[in-house]
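Here is a short briefing on the model shown below. It is grouped by topic.

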Amino acid sequence: MSALSLLSILVLQGGTVHTADGPPLEGASILVVDGRIQAVGEVAVPPGAEVIDARGLVITPGLIESHTRLGLVEIDMVDATRDHDAAGPDPVRAAFRAVDALNPDSDVIPVQRARGLTTAIAWPTGGLVSGQGVAFDLDGGPPVSARVGMVVALGGRGDGSRGESLERLRELLADARAWRGSEAAYDRNQLRTLSASRADLAALVPVLDGKLPLVVHADRRSDIRATLALAAEEKVRVILAGAAESWLDAPAIAQAGVPVIVDPIDNLPSTFDRTRVRDDLATRLAAAGVTVILSTFETHRARTLRQAAGNAVRAGLDPALALRAITRNPAEVFGFSDRGRIAPGQVAHLVAWTGDPFELASAARYVIINGRVQPTEHRQRQLFDRYRRLPGPTTP
Amino acid sequence: MPATRRRAGLVLLALALTACGASSGAKPPGPPPLVPAIAAPPGPFTHDPAPAPAVLIHGATLLTGSHLVPRIERGWLRLRDGLITDIGAGDPPAAAEGEEVVDATGRFVTPGLIDTHSHLGVYPQPGVAAHSDGNEATSPVTAGLKVAESFWPQDPAIQRAVRGGVTTIQVLPGSANLMGGRSVVLKLHPAREVEAMRFPGAPEGLKMACGENPKRVYGDRRSLPSTRMGSLAAMRERFIAARRYRQRWAAWRAKFSDEAAATEPPPDRDLTLETLADVLDGKILVHIHCYRADEMLQQLRLAAEFGYRVRSFHHAVEAYKIRDVLRAQDVSVSTWADWYGFKIEADDAIEENLALLAEAGVRGILHTDSPLGIQRMNQEAAKAFFAGTQAGVTVSEAEAIRWLTANPAWALGIEARTGTLEAGKMADVVIWDHHPLSVYARATRVYIDGRLRHDADAPGPAWSDFEVGR
């Protein structure tokens, strides 16, 4: 009793719980102790617990936006607020870490959180090897993981051949291999010339070890095949992103165990790499057994993630798979598998919705991150309040 | 107004064509015409000159877009010769001979959706530089350009928009220029040329732009405008010139009531000033790209200075701050549901914008400016609608439907022809398998001018030649 009372205890009582871990539970309760889920189902309310009446609400794991620049940009066209691109002439920026630029106090974050996002992965952009992504919870706390993957951009360039991109990438990995274990010789200038800086080569070592996945942006089938071949030859982990034409090779992608991050809304042949894009890309990948992650690839509109999932369902994806694709799948693929499900032991990232979470009519009534109910205030809501009544007559 | 400049132009053309007998009037003296007598190509070209079929749709919930009867449960409507000829509730009439009967029980029917802000065909797919035809960003005032002359009817995004229930769009030049050119209103038919898609009788619009874009594009080149005051001054100067231009023409016409018998040549035509003169005459509707509340008020003052009306502010993410003024002046607002933050003039967007406008009696319009957004306009309206209701704003389902239909029709000056389900209007009709404000709603059938342009159960070939063999 006395020990318990020192803890922060939260009970969500009587909702429909979609766990991303099995069939939905009707009238289930969730016990959260000190930020972690302790029990799901029949729960006795401990004394001193904060109780949320969740009857009539639909509870899901907090949504995870897996591909965003959230926290790295405030206003896109205000240059000094953009921190996602290391820029410069060198296309290799492996050492660049998004975490070093991340602003957990960004005004953009609470706007997304109010629509049910609890975790995001922010990625660098630009160049061939853009740098390393960071996973973070949307409660302003420390990052979940300062290093979840290394971004690589393949495909049509306009300033040279895509073949050169692949060649450069292979050379980089070979040089990182040469550098590893020969650091002292390198420092004494006794190693052959390497194609990247010491910091970039060091950053690639976890990739060689299979500890850090390469997140490869590729749309055209030939680039997707090249990515799979690279993963097999170099024995590195890859995750495909974008992947417009990936449905053409879905079985091979499934066989290789390569997850795919898909925007289920983007069905346009906007480049020659995407002429065979389809509305039902996610559906086809999932049917072949590929681990699918859905993403908006957006920042200020990351809050439309649930709409993206709803559109994937509209295009044939099973709703339970669609929910997994924005909760459990990204958590497991990016190595923070204590998130993304509603189960004992999981970090308590929960959203209580007024209805079907994908439906535009539903609102996120409660957003809980690390066991704490998050404030619903944000700048836009304050502007709404300020202008709910107009200040007075204005005459043009 | 006995004669317009356009008629004057036709007269000159007729004079030039007298050699081939096009004019019955007396042959004017002088040298032979400089313009050779070449016939324009016949047309416009359509893919199916056959008349539109007769269709009876019944059993559906009709969301009419009209104020009077916004919703009809178990309704029916008849399409014939490209028009809605009859609409009612309850048991449908007996089918006429040759009439296709569509059982839409459990489904929803709306008017075809209308996007007031599209760059389809001028920034087409794929987005290669050679296709980039939407901004003549070489001079800040290019009001005389016709965006129709940039339009590529093979844009693969056109058919995708139709699959989303869109039947009519206004194609606008981009916002690099203060006055970018004349818009065109199109029906989304498969076509070999833009002329076959033109909405018959729709007025043209003038695309204007204030704020960041023109000052960035030209300021970066160290030319005018590099500031907002530069932008306003440039606009004002052109309208001053347009006023004089209009006076010159009026004087010439007053002098020569019979233009054919004029003994002095008419004033030189200037396409920019001609367009602005048409704005001053109210023949061209003004559409202004403008984000900030203060800049919209500034534009309304400029309009008052020269005596023209603003038909719609586009993007207008701060319209909620001046909704009283917009209501008083009857200016419509074309905006998104939730776009913001891409530039500082879009920083104060709120999701309740359209709902607050509706509550204040402003004609709100859900526009897209996007080949992706145009495929799910109904979802975007839904977000704006539910954001409003959840915040306690008074806004109805009927109004949300009007954001997609009747209100954009008004902004384009075509409200007498389309935008509601009413007898006598064009048969621009969408059947949805769910309520259109649901994320799961798919347009199962889309009729444009009574022709079935999309059938989810029998998807036809790609319209775009670009997609052939790909």
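Gly165(B) follows helix α2(B) and has a positive phi, near 95 degrees. This is a predicted model: local features need pLDDT of at least 70, side-chain atom pairs count only at pLDDT 80 or more, and totals for chains, interfaces and linings use all residues. Residues are numbered from 1 along each chain as its sequence is written, while chains are lettered from A and ligands numbered from 1 in the order in which they are written. Helices (H or I, at least four residues) and strands (E, at least two) are DSSP runs, numbered from the N terminus.

**Helix α2 of chain B**

- Helix α2 of chain B spans residues 156-163 and is mostly covered, with seven of its eight residues buried.
- Buried means that 20 or more other C-beta atoms lie within 10 Å of the residue's own; with 12 or fewer the residue is exposed, and in between it is partly exposed (C-beta atoms are placed from the backbone).
- The buried residues are Pro156(B), Ala157(B), Ile158(B), Gln159(B), Arg160(B), Ala161(B) and Val162(B).
- They pack against three strands of chain B: β7 (166-171), β16 (443-448) and β17 (451-455). Contact here requires C-beta atoms, placed from the backbone, within 7 Å.

**Six-stranded sheet of chain B**

- An open sheet of six strands in chain B has the order β8-β10-β11-β12-β13-β14, with mixed pairing. Strands pair if DSSP finds at least two bridges between them.
- The edges are β8 (179-182) and β14 (364-366) of chain B; each has a single partner strand, so one side of each lacks a neighbour in the sheet.
- On average, neighbouring strands of this sheet are turned by 20 degrees against each other, direction ignored. The axes are lines fitted to C-alpha atoms, for helices over the stretch in contact, and angles run from 0 to 180 degrees between N-to-C directions.
- Three bridges pair β8(B) with β10 (residues 205-209) of chain B in the antiparallel sense.
- Arg182(B) has Leu206(B) in β10(B) as its bridge partner.

**Three-stranded sheet of chain A**

- In chain A, three strands form an open sheet in the order β6-β7-β9, again with mixed pairing.
- Its edge strands are β6 (63-68) and β9 (134-137) of chain A, each with a single partner strand, so one side of each is left without a neighbour in the sheet.
- β6(A) and β7 (residues 117-122) of chain A run parallel, joined by four bridges.
- Thr68(A) stands opposite Ala122(A) in β7(A).

**Domains of chain B**

- Domain 1 covers 12-41 and domain 2 covers 112-419 in chain B. These bounds come from an automatic or database domain assignment.
- The centres of domain 1 and domain 2 of chain B, taken over C-alpha atoms, are 38 Å apart.

Notes. Two residues are in contact if their C-beta atoms, placed from the backbone, lie within 7 Å.
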